[in-house]
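Look at the model below. We will walk through a helix pair, a chain contact and a sheet.

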Amino acid sequence: MEFFFEVLIGGLLAGVMYSLVAIGFVLIYKASGVFNFAQGAMVLFAALTFVSLLERGFPFAWAFIATLASMVVLALLVEKMVLRPLVNRPPIILFMATLGLSYMIEGLAQFLWGAQVHGLELGIADEPLEIRGMLLSQFDLFAAGTAATLVIALSLLFNKTRVGLSLRAVADDPLASLAVGIRLPRIWALVWAVAGFVGLVAGLLWGARLGVQFSLSLVVLKALPVLIIGGFSSIGGAIVGGLIIGAAEKLAEIYLGPIIGSGIENWVPYVLALLFLLVRPAGLFGERAIERV
Amino acid sequence: MSATTESVLLRLDDISLSFKGVKAITSISFAVKTGEICALIGPNGAGKSSLLNVINGVYQAQSGSFSYAGQTRRRMRPHQAAERGIARTFQNIALFKGMSVLDNVLTGRNLKRRSSWVEQMLRLGRAPREDDEQRRHAEKVIEFLRIHPWRHVLVGKLPYGLQKRVELARALAAEPKLLLLDEPMAGMNAEEKGEMSQFIRDINREFGTTVVLIEHDIGVVMGLCDHVVVLDYGRKIGDGTPEQVRANPEVIAAYLGTRRTRTERH
C-alpha cells in the first residue's frame, strides 16, 4: 500500500510539470481563443536564453531578469507582427500563424545560442526525500511548490484585477471590449508576456530535468492531453488535468506494465485524452459554449 | 438648427467614409446638442451604423472632422472615445456571454478604476474601497434598468429583450456623456419598445445623458426624440425636429412615404 502511494504521489508531482506547460496554452487560449502552437518553442527559447546567459557568467537573478525581458520583447513583437495583422480572422488562420511562429522562434533561438545541448543546474538536489517511509523527489516537490505559487498569483490576477476582467472580456467578445474602452493590443501583448513568463518557469524546470536542448519544445505534446482533460480555458483545469495524467501514466506503468508490456506511460495519456474527448469534449473545466438557435 | 457652440456636444463636419471604393457615407454634417435625444433614421444600408462607428472610433472617416466636447479631431480611437465619455450598444448585441450580468455591467466601469493591479491582486491600498464603489454603482445601474433579479445569471442564458437591457446597463455604467444606441428596440414587441423608450427617456432626464440612437419605428422616434437626422444612400436628406422632418417632402419620398402615396400625389 505504501508503495502504491509512493507511485501515486510521484505521478502527481510529475503531473505538475505537465501542468506548468499547459498553463501557458490556457492563458493565450483564454484571451484570444487561439491554440498557441508556439508555446513549446517559447519554453525552449526561454530556457536556452537563460542557460546561455548563465554560461556567459551572468548571475542567476540577472539571467532570469534578462530572459524575462526578452520574453516581453518577444510578446510585443508577436502582437505587432502576427496578431494585429490577423485580427478578426478565423481561429484556424491564427493557429497556422502560431505554427509558423514556433519555427521562427526555434530558428531564432538556434541562431542566437547555437544548437548544442546544455546542462542546467538550479541548485536543487535531485535526491529522493524520505517522508513517512515514502521516497519523494525533492525536485518534484520544488516544482509543485512553484506551480502552486504561480497558479495562485495568476488566479488573483484574473479574478481580482481590472486587467483580469479586461482579459476575460476580450476573450468573450472583442467588439464589445472595444466599446467599453479596452485596448486590445495591450491586452494581447500582456497575455503573451505572461505566457512567456510561464514558459520561462516551465523551461527552467524542464531544462533542469532533461537538459536544455531542442527536444524541449516537444513537451507541448505532453501538454495536449492535459489540456483536453482539463479544458482549454481553465487554469485550474490545467492543474487537475496535469495531476490526472501524471498519476495515471505512472500507475499504469507500474500496475499495467507487467501485464501488457512496459513503456506504456508514453501513450497512456493519449488514450485517456481520447476517452475524455468521447465523454466530455470541453474537458472537466472548459467552458461549454452557450448557443442560442 | 441654430445651436450655439457651447451647447453642442457633438458636431460632424463633412464626414465621408468608403469601403474599398464603395461609399458608405458622403459628406455628412450635423450637430447634436448637449442633453438632447437625437435619432438617426433611414432605410437599411443608409449608413447609420457606419456613422456611429465613426463617432466611437471603430471606423476612420476618409475625410471630414468631428468635434466632441469642444475638441476637434480627425479620429478618435475606441478606447479614447470610451475614456472621454462615449458609450454605445450594438445592433447585434455585443455582450460578454460567458459572464454574469453583474460582471458585464462592471466591465463598463473598468476605466473608472484607478488602483494598480498589485493593489487589486492583494486587496491593498485603494483597491478594496474602490471595488465596493464600483460594485455599488453597478448595482445602482442594474436596479435602475430593473434587471436585478438576474444579476448573477450568465448573460448568454437570458432572453433577447433582457440582453438588450443588460447591454444598455453596461453602457450606462460608464457614466457616459454621450450614449450611442444602435437599434435599441430592434426585434421587440410594442410593449417592450414602450419600456425601452421609457428607460431611454429616464436616462436622458435623470443623468442628462445625450443620446444618439438608430431606430426604424417612426412612431417611437417621433415620440421619443428631440431631433431627427435622416440618411439615405449615405447622404443626409433631412435634419430637424420630428415635426420638421415629417413635413420634409424629400424625406417623405425617400423613407416615410410609400410608393402609393407618392403616385397619388403626382
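**Helices, an interface and a sheet**

The crossing of α2(A) and α8(A) is right-handed (the near helix is turned clockwise from the far one by less than a right angle). This is a predicted model: local features need pLDDT of at least 70, side-chain atom pairs count only at pLDDT 80 or more, and totals for chains, interfaces and linings use all residues. Residues are numbered from 1 along each chain as its sequence is written, while chains are lettered from A and ligands numbered from 1 in the order in which they are written.

Helix α2 covers residues 39-55 and α8 covers 184-210, both in chain A. Helices (H or I, at least four residues) and strands (E, at least two) are DSSP runs, numbered from the N terminus. The two axes lie 7 Å apart, at about 65°. The pair is therefore roughly perpendicular (65 to 115 degrees).

Now turn to the two chains. In chain A, 22 residues are in contact with 27 residues of chain B (C-beta atoms, placed from the backbone, within 7 Å). Helices α5, α6 and α7 of chain A each supply at least two residues to chain A's side. The largest share, seven residues, comes from α6(A).

Which order do the strands of the open sheet in chain B follow? The order is β2-β1-β4-β5, with antiparallel pairing. Two strands pair if DSSP finds at least two bridges between them. The edge strands are β2 and β5 of chain B, and each pairs on one side only. β4(B) and β5(B) pair over three bridges. One bridge partner is B:Q71 in β5(B), which faces B:Y68.

Terms used: Axes are lines fitted to C-alpha atoms, for helices over the stretch in contact, and angles run from 0 to 180 degrees between N-to-C directions. Angles under 35 degrees count as roughly parallel, over 145 as roughly antiparallel, 65 to 115 as roughly perpendicular and the rest as oblique. Two residues are in contact if their C-beta atoms, placed from the backbone, lie within 7 Å.
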